[in-house]
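These are my notebook entries on a structure that I had not examined before. I set down what I looked up, topic by topic.

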Amino acid sequence: HVFASVASGGKVAVWNAASHAPLRIFPVGQGMVPLCAGFSPDGKQLAVGLDNGGLKGFEFHPEMRQVWWLKGFASAVDVVRYSPDGRRLAAAGHDKVVEVYDVTPAGLRRVSRCVGHSSAVKHLDWSADGSCLQSMDQAYELLYFDAASGRLLKGSCRDTAWASFSSSLGFPVMGIWPPDSDGTDINSLDRSPRGDLLLTADDSGKVKLFNCPCVVGDA
């Protein structure tokens with residue numbers, strides 16, 4: 001089991017979750033700062049979003065190498081997320097749009113652009129079937145898009161099965177908010193791979209564990 005972290009010093013680290021030891025620490029490029037990273041479902045590829053609007057992809061077997069690079073945005077990329085089958089990558093950030101790409105041996109090829117947010121996009125999730133995306137921005141707008149066309153979905157997606165869940169808004173996470181809190185109190189959220197637990201990190205410096213779904217307080 002491995003995970004990745006990014007640092008303002010311009011490096012990405014890949015860690016062994018059991019031993020807490022770094023497996024790889026590598027720079028993303030001169031003058032570039034990584035802001036986010038995400039593994040492909042098979043764990044073979046790591047996508048990294050950069051402060052200059054760039055996207056880079058790395059592979060680690062049989063040796064570490066950069067496999068693609070694209071200047072896809074005008075400003076910082078804050079979140080990247082592979083589709084459940086690993087064939088597509090969604091990315092978003094300060095440009096207020098979500099870009100969807102095919103991941104090919106030759107690099108990234110844009111499939112669609114999802115427009116509708118009024119501020120920087122911070123959270124992205126794919127539906128379990130890979131057909132749609134949910135995205136949340138700094139203005140606490142939670143929007144849904146058709147991944148293939150980029151079309152904004154107007155109907156309710158409450159019953160959609162999600163491959164991941166990182167948004168702090170939505171029916172499954174209604175109970176995570178402490179009394180008298182505002183939208184800034186919870187800084188990040190993630191759901192366990194089995195879908196039965198939620199983990200949050202908040203302004204008080206606490207990491208909290210909830211059952212999922214969490215639709216009432218203290219679930």
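**Entry 1: Valine 6 and the basis of the model**

I began with valine 6, which is found in strand β1. Helices (H or I, at least four residues) and strands (E, at least two) are DSSP runs, numbered from the N terminus. I noted valine 6 as partly exposed, because its relative accessible area is 31%; buried means under 20% relative accessible area, exposed over 50%, and partly exposed in between (1.4 Å probe, protein chains only). I then looked up serine 204: from valine 6 it is 198 residues away in sequence and 22 Å away in space, C-alpha to C-alpha.

The model is a predicted one, in which local features need pLDDT of at least 70 and side-chain atom pairs count only at pLDDT 80 or more, while totals for chains, interfaces and linings use all residues. Residues are numbered from 1 along each chain as its sequence is written, and side-chain values use heavy atoms, with hydrogens and water left out.

**Entry 2: Aromatic pairs**

I searched the whole structure for aromatic pairs and recorded four. Rings of Phe, Tyr and Trp (its six-membered ring) pair if their centres lie within 6.5 Å; planes under 30 degrees apart count as stacked, over 60 as edge-to-face and the rest as tilted. The rings of phenylalanine 3 and tryptophan 15 are stacked, because their centres are 6.3 Å apart and their planes stand at 10°. Phenylalanine 3 lies in strand β1 and tryptophan 15 in strand β2 (residues 11–16), so this pair ties together parts that are twelve residues apart in sequence. Phenylalanine 3 counts as partly exposed at 38% relative accessibility, and tryptophan 15 counts as partly exposed at 24%. I also found Phe26, Phe58 and Phe60 linked into a cluster by ring pairs.

**Entry 3: A hairpin**

I next followed strand β4 (residues 34–39) and strand β5 (residues 45–50), which run antiparallel and are joined by five bridges. Two strands pair if DSSP finds at least two bridges between them. Alanine 37 has valine 48 of β5 opposite it. The two strands form a hairpin with five residues between them, and glycine 43 in the turn has a positive phi of about 75°.

**Entry 4: Pockets**

For the pockets I first wrote down the method. On a 1 Å grid over the protein atoms alone, a pocket is an open set of points where a 1.4 Å probe fits, with protein on both sides within 12 Å along at least five of seven lines; lining residues have an atom within 4 Å of a point. Grid points are joined across faces, edges and corners, and a volume is the space filled by probe spheres set on the points.

The largest pocket has a volume of about 1,600 Å³. It is lined by 46 residues, and the closest to its centre are Ala37, Gly38, Arg81, Ser166 and Asp190. Which strand gives the largest share of this lining? I found that β15 does, with six residues. Among the strands that each supply at least two lining residues are β1, β4 and β8 (77–82). By class, the lining divides into 24 nonpolar, 16 polar and six charged residues; Ala, Val, Leu, Ile, Met, Phe, Trp, Tyr, Cys and Pro count as nonpolar, Asp, Glu, Lys and Arg as charged, and the others, Gly among them, as polar.

The second largest pocket holds about 160 Å³ of space. Its lining includes Ser40, Pro41, Asp42 and Lys44. I noted three nonpolar, three polar and five charged residues in this lining.

**Entry 5: Cysteines**

How many disulfides does the structure hold? I found zero, a disulfide being a pair of cysteine sulfur atoms within 2.5 Å. Cysteine 114 is in no disulfide, and the nearest cysteine sulfur, that of cysteine 132, is 10 Å away. Cysteine 114 is buried, because its relative accessible area is 0%. The sulfur of cysteine 212 has its closest cysteine sulfur, in cysteine 214, at 8.1 Å, which is too far for a bond. Cysteine 212 counts as buried at 18% relative accessibility.

**Entry 6: Backbone angles**

Most residues other than glycine have a negative phi, and most peptide bonds are trans. I therefore listed the cases that depart from this pattern. The peptide bond from cysteine 212 to proline 213 is cis, with omega near 5°; proline 213 is placed in the segment after β17 (207–211). Histidine 20, not a glycine, has a positive phi of about 65°. It sits in the loop between β2 and β3 (22–27) and counts as exposed at 60% relative accessibility. Aspartate 180 has a positive phi near 60°. I located aspartate 180 in the loop between β14 (142–146) and β15, where it counts as exposed at 85% relative accessibility.
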